[in-house]
Amino acid sequence: MNFKTIILLILVVIITIFFMQNTAPVEFWFFGKHIFALSSIIAITLFIGIIIGAILLRPKKRKTEVIQVNPANPSEIEQSSVPNSTLSNEDRDYIS
């Protein structure tokens, strides 16, 4: 067993003992009186807190801009290329 597995196993045992010891019925008001086990109230509150924390602390998406530069006239590309190029006509057709 590696270290993470042992820590996870210990955590599961502690949480199980906690929930088994906190089964007393608790009355609370949330749009009416309800009676639940204390451990279920703690678990529901923990779950809601994790959800709210994940929503509030998630990384924001960054907007990226794509800037494309096109010459005004396509013939400018041909004029700017080196005339003594070693490219064949097929290669030039493939590139353009």
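**Strand, fold and surface**

Ala 37 is a residue of strand β2, which covers residues 33–37. The model is predicted: local features need pLDDT of at least 70, side-chain atom pairs count only at pLDDT 80 or more, and totals for chains, interfaces and linings use all residues. Residues are numbered from 1 along each chain as its sequence is written, and side-chain values use heavy atoms, with hydrogens and water left out.

Ala 37 counts as partly exposed because its relative accessible area is 27%; buried means under 20%, exposed over 50%, and partly exposed in between, with a 1.4 Å probe and protein chains only. Ala 37 and Glu 27 are separated by ten residues in sequence and by 8.7 Å in space, C-alpha to C-alpha.

The chain as a whole holds four helices and two strands, in the order α-β-β-α-α-α along the sequence. Both kinds of element are DSSP runs numbered from the N terminus (helices: H or I, at least four residues; strands: E, at least two). Of the 96 residues, 2% count as buried. The accessible surface is about 9,700 Å², and 67% of that belongs to carbon and sulfur atoms; areas come from the Shrake-Rupley method with a 1.4 Å probe, and for residues only the protein chains shown count as cover.

Side chains of opposite charge can pair when their charged atoms come close. The chain has one salt bridge, defined as a side-chain nitrogen of Lys or Arg within 4 Å of a carboxyl oxygen of Asp or Glu. Its partners are Lys 33 and Glu 27, at 3.8 Å from N to O. Both Lys 33 and Glu 27 are exposed.

Helix α1 (residues 3–21) contains Ile 15, which is partly exposed because its relative accessibility is 41%. Ile 15 belongs to a nonpolar surface patch whose members, including Met 1, Phe 3 and Ile 17, together have about 1,100 Å² of accessible area. Such a patch joins nonpolar side chains (Val, Leu, Ile, Met, Phe, Trp, Tyr) within 5 Å, from residues with over 30% relative accessible area and no salt bridge.

The second largest pocket has a volume of about 170 Å³. A pocket is an open set of points on a 1 Å grid, where a 1.4 Å probe fits, with protein on both sides within 12 Å along at least five of seven lines; lining residues have an atom within 4 Å of a point. Among the residues lining this second largest pocket are Trp 29, Phe 36 and Thr 45. Helix α2 (38–57) gives the most to the lining, with four residues.

Note on methods
Patch = residues over 30% accessible without salt bridge, like charges linked within 9 Å, V, L, I, M, F, W, Y side chains within 5 Å. Points joined across faces, edges and corners; volume = space filled by probe spheres on them.
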